[in-house]
Amino acid sequence: MCHFLYGDKAAMLAFLVISNVLWFSVLVSWVFTFIRGPGIMPCRIPPYELSNFIHEGEKFKNVKNTDVSDEKSDISSESSLTVPLNRNVIPPPDIFECDYNGLPFWCSECSTLKLLRCHHSSVKDRCIPMFDHFCTFVGSTIGKDNFGFFLYFLFSMQTLMYFTCISIIVYSGVWGHLHAALIVFLITTGFMAILVGNLAFNTVGDIYLGQTTIERLQRTRTKKKIAKSQSNENDQTDLGEYVNVQHPTNRKLRVLVKLLPSDKPYNNGFRKNLRLWYTDFTRLGSPQQILMFQNSMFSEKFKESISERINSGNYVIFGSQSKLQSSSPSHLKIKDM
Ligand SMILES: [Zn+2]
C-alpha cells in the first residue's frame with residue numbers, strides 16, 4: 001500500500017482523477033436517466049377507420065373467382081391518408097403492425113392506438129414510446145426520452161468497473177500480493193463488469209438490429225415456443241406478427257402479410273437507429289404528426305420486402321379471413337405489458 005500511496009504518486013494521481021471522472025459520469029447519467037424518465041405518448045390516437053375495408057374484404061370473400069385486378073376501374077386515385085378526418089376515427093396509414101385479425105394494437109388503459117412502438121408501463125401507468133425495459137439497476141423505465149442517458153450510464157459504469165479491475169491487477173504487481181479484501185472486491189467488481197458488459201452488448205446489438213429489448217425478448221419467447229412444438233425452425237416460422245398494408249392496386253382493399261423471423265421492420269441501419277432514440281417526439285403533438293412519424297420508422301428495405309411478398313401473392317385480403325372480429329375499439333386486441 002505504501003508503494004501505491006507514496007512510491008508512485010503520478011500513477012496514484014492518475015488513478016484518482018480517472019476514477020473520479022468516471023464516477024461523476026456514472027452519477028450524472030444515472031440522475032438524468034432517472035429524473036428525465038422514459039417519456040409518455042404525447043396524445044391519444046383514435047382508432048383507424050377500417051370498417052369500409054372490412055366490408056370490402058367480406059364482399060371479396062363472398063364473390064367467388066373475383067379477380068382483384070378487375071376492380072381497377074373502381075380504384076380511387078385518392079390515397080387513404082387523404083380521406084377527411086372525423087372526431088372518432090382516423091384514416092389508416094399505408095402500413096401498420098397488427099394482430100392476426102389485421103387490427104391495430106390498442107391500449108384500453110390510455111384509450112389510444114399503440115404507435116411509436118409503445119407499450120403500456122404498469123409502473124408509469126401510461127404508454128411509453130420506444131419502450132425498452134424497466135431497469136432495476138437505475139430504478140427507472142427506459143424509453144425514448146432517457147435511452148440516450150441510459151446508454152451513457154451503461155458505458156460509464158462498464159468503463160469504471162474495468163478500469164478499477166485493471167488498476168487492482170496492475171498494482172498487485174507493485175504490492176507483490178493482494179489483500180484478501182481487495183481480492184473479494186476484485187471478484188465482485190469483475191462479476192458486475194461482466195453483467196453490465198452483457199447488458200451493454202445486448203443494447204448495442206438491439207440498436208444495430210433496430211429492435212428494443214422488449215421486442216427482442218417477445219420474439220425470442222415466441223421462437224422458443226414454436227421450437228418446442230416443431231421439430232425444426234426455419235424462415236417460414238409463424239411468429240404471429242403481421243402487418244396490414246394498403247392493397248397495391250385496389251384502394252378499397254387492404255391485405256395482411258405475415259412477418260418472417262428475418263424481418264426487422266424498424267432496422268434503418270445502425271446510425272439512423274441510434275438517431276431515432278434521440279428524436280424529440282415531444283414536437284409530435286397531433287395524431288397526424290405521430291402517424292407520419294410512425295410511417296417513417298419502417299425501413300425501406302422492409303417495405304420493399306413486404307411489397308415483393310404481396311406481388312408474389314403471399315397475403316390474405318383483410319376482412320376475408322374467417323377469424324375477423326369487430327373493428328370497434330373495445331374489441332381491439334390489447335397487448336399490454
Ligand atoms: Zn397505455
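This is a predicted model: local features need pLDDT of at least 70, side-chain atom pairs count only at pLDDT 80 or more; totals for chains, interfaces and linings use all residues.
Figure 1. The donors are the SG atoms of Cys-107, Cys-110 and Cys-127 together with ND1 of His-120, and they coordinate the ion at 2.1 to 2.3 Å. Along the chain the donors follow the spacing C-x2-C-x9-H-x6-C, and both His-120 and Cys-127 are buried.

**Figure 2. Helix H2, residues 9–36.** The 28 residues of helix H2 should span 40 Å at 1.5 Å a residue, and this agrees with its end C-alpha atoms, which are 40 Å apart. Among the buried residues of H2 are Ala-11, Met-12, Leu-22 and Val-26, while the helix is followed by Gly-37, whose phi is positive, near 75°.

**Figure 3. Aromatic pairs between separate parts of the chain.** The count of aromatic pairs comes to eight. In one of them, the rings of Phe-15 and Phe-163 are stacked, because their centres are 5.6 Å apart and their planes lie at 20°. This pair links distant parts of the chain, since Phe-15 belongs to helix H2 and Phe-163 to helix H4 (residues 147–175), 148 residues apart. The rings of Tyr-266 and Phe-298, with centres 5.1 Å apart and planes at 20°, are likewise stacked. Tyr-266 lies in the loop between strand E9 and helix H7, and Phe-298 in the loop between helices H8 and H9, so the pair ties together parts that are 32 residues apart in sequence.

**Figure 4. Arg-254 and the ring of Phe-53.** The charged end of Arg-254 sits over the ring of Phe-53, at 5.5 Å from the centre of that ring.

Conventions
Residues are numbered from 1 along each chain as its sequence is written. Side-chain values use heavy atoms; hydrogens and water are left out. Donors are N, O and S atoms within 2.8 Å of the metal (3.2 Å for Na, K and Ca); water is not among the atoms, so sites may look incomplete. Buried means under 20% relative accessible area, exposed over 50%, partly exposed in between (1.4 Å probe, protein chains only). Helices (H or I, at least four residues) and strands (E, at least two) are DSSP runs, numbered from the N terminus. The expected span of a helix is 1.5 Å times one less than its number of residues. Rings of Phe, Tyr and Trp (its six-membered ring) pair if their centres lie within 6.5 Å; planes under 30 degrees apart count as stacked, over 60 as edge-to-face and the rest as tilted. A charge sits over a ring if NZ of Lys or CZ of Arg is within 6 Å of the ring centre and within 35 degrees of the ring normal.
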